[in-house]
Amino acid sequence: MDEILKLLVDDARTPPAQLAVMTGRPEADVRAAIARYEQDGTIVKYRAILNPEKTGEANGLVRAWIEVSITPQRGQGFDAIAARIYQFKEVQSCYLLSGGYDLLLLVECGSLREVGAFVAEKLAAQENVTRTATHFLLKVYKEHGDVLQPTETMPRLPISM
Amino acid sequence: MDTARVHQVNTVVAQLPPSGIRAFFDLVLGMEGVISLGVGEPDFVTPWHVREHAIFALEKGYTSYTSNKGLRELRTQIAAFVERQYGVLYDSEDEILVTVGVSEALDLALRAMLNPGDEVITHDPCYVSYAPIITLAGGVPVLLDTWAAPGFKVTPAQLRAAITPRTRAVLLNYPANPTGASYTRSELEALAAVLIEHDLLLLSDEIYDALSYEAAHVAMPSLPGMRDRTIYLNGFSKGHAMTGFRLGYACGPAPLLAAMTKIHQYTMLCAPIVSQMAGIEALQHGMADVFEMVVEYNQRRRFVVHALNEIGLDCHLPQGAFYVLPSTRRIGMDGLTFATKLLQEQRVAVVPGTAFGAGGTQHVRMAYASSLAHLKEAMTRITRFVRDHT
């Protein structure tokens, strides 16, 4: 992966001038590269990663992973039914996987009841959905490569050789 | 009771000057909110798979001594690494010794080679231990002043001029602490020619080899005619971020390694087995971690050098390691004053250049082995400090 992309993934707010210094490339090149990545969809968008434990939504926001088994449609495979499902605003992520089920959804709702209603009324009610299994999130240890639980690390000596 | 006689220490030890770093360390301790750029070790924690392997080794009961030379599997891995990386072949049976860090390996090499009064040529600035351990081994350090040299590099002419009939060895560290100085192949060949011409032994401390940013590191023993006159020193502390494991090694001609092993077996027995197990994992599966860390160090290096030059602290672009050695001259302050006031006024710890040699009065060492967030905050504070004093 381009070094610029790696740096932006780590901190999307890094200014182009600083990216230029850190990568040893002219600032104009860096700006051009970012514009190209934005244009061709390599960079989809810039967003903040929030720690749900800190945002105050911890008690109000329920996250669940839902396994969904579906019957593929002739000529369209899984894509059409996946599109029907992932357009619900409750669905944050939607993946087609190999293995014992087909789609894996990450769903966010305001309460357990809302997740239940989503599954019963919208998801399981789809014609091609044959089975669902819902797993509620209890605790986040690590997300997007970042460990969210504070861990104790040994402090380094302030001065050493 | 008069304890003067009981408490008398060895004359050589008594005469050794205390480490310049130590005095500054005491000043920093107990201060709150300090951002330290004074740390000579990676800020990365040892990669988890290496730590996990060490834990597994403990669980399996790997708690015994090993062979004095080190675990055969580790020596085999070291031989494979040096061959793969630099094309130099060492026999893992009698040309490789696993030690407690490069520090022990260097101490062993000096003690095994030197007779009283033998001279060892090294560079100044250099790692703080070099002159003291040469002295402790009965040798006489001969320092090549490179404070004003381009890139802080030793030149062949300078080396040649320092050679006397008492010269036994040359101790070279590259990439270097505290300068980040390193050498191209042709520069190393020119130095090697002098060593060969004068039939000298080289102690080549290449612990920072992985942290080379401008060009691929060239190992001294890989140069024609150098393998059999070099003790090649390397370890796991820097590239693999394993300082606390205290694991290093020496590679070299069998007779020299046998002499070093003799001292090692009487003084250290062996490197800790858990560290050796971790070292095996690091060499087998840890090179990708090293590359990742190097990319990040390189970004920080560019950021810090750029920031310091903008602030008005002249700073060359180091070729390797994770240190910069900017000059404080332009802001009219010597290095010790700068470091002391910066700590007191802005709570940023850097190390006065004099800790690394007498010529360092106008320099300070900063390590960029800190997170980018810390480095940014440190540069903001240093900017404020310089503005307040100019």
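The lining of the second largest cavity splits into 5 nonpolar residues, 4 polar ones and no charged ones (Ala, Val, Leu, Ile, Met, Phe, Trp, Tyr, Cys and Pro count as nonpolar, Asp, Glu, Lys and Arg as charged, and the others, Gly among them, as polar). This is a predicted model, in which local features need pLDDT of at least 70 and side-chain atom pairs count only at pLDDT 80 or more, while totals for chains, interfaces and linings use all residues. Residues are numbered from 1 along each chain as its sequence is written, chains are lettered from A and ligands numbered from 1 in the order in which they are written, and side-chain values use heavy atoms, with hydrogens and water left out.

Back to that cavity: its space comes to about 40 Å³, and His123(B), Pro125(B), Thr146(B), Phe152(B), Asn173(B), Ala176(B), Thr179(B), Ala181(B) and Tyr183(B) line it. On a 1 Å grid over the protein atoms alone, a cavity is a set of points where a 1.4 Å probe fits but cannot get out, whereas a pocket is an open set with protein on both sides within 12 Å along at least five of seven lines; lining residues have an atom within 4 Å of a point. Grid points are joined across faces, edges and corners, and a volume is the space filled by probe spheres set on the points. The count is 2 cavities of 30 Å³ or more.

The largest cavity holds about 60 Å³. Its lining is 10 nonpolar and 2 polar residues, again with no charged ones, and includes His123(B), Thr122(B) and Leu195(B). Strands β3 (119–124) and β5 (167–173) and helix α8 (185–197) of chain B each give two or more residues to this lining; helices (H or I, at least four residues) and strands (E, at least two) are DSSP runs, numbered from the N terminus.

Of its 20 lining residues, Pro17(B), Val128(B), Ala131(B), Pro132(B) and Ala355(B) sit closest to the centre. Helix α6 (residues 130–136) of chain B gives the largest share of the lining, 4 residues, and by class the lining has 14 nonpolar, 5 polar and 1 charged residues.

The Asp124(B) to Pro125(B) peptide bond is cis, with omega near 20 degrees, and Pro125(B) is in the loop between β3 and α6. Another cis bond joins Tyr174(B) and Pro175(B), with omega about -20 degrees; Pro175(B) is in the loop between β5 and α8. Asp199(B), in the loop between α8 and β6 (201–205), has a positive phi near 50 degrees. Most residues other than glycine have a negative phi, and most peptide bonds are trans.

Where the chains meet, 31 residues of chain B are in contact (heavy atoms within 4.5 Å) with 14 residues of chain A. About 1,900 Å² is buried between them, 61% of it from carbon and sulfur atoms; buried area is the accessible area (1.4 Å probe) that two parts lose on being put together, summed over both. Phe25(B), Gln299(B) and Arg302(B) supply 29% of what chain B buries against chain A, more than any other three residues.
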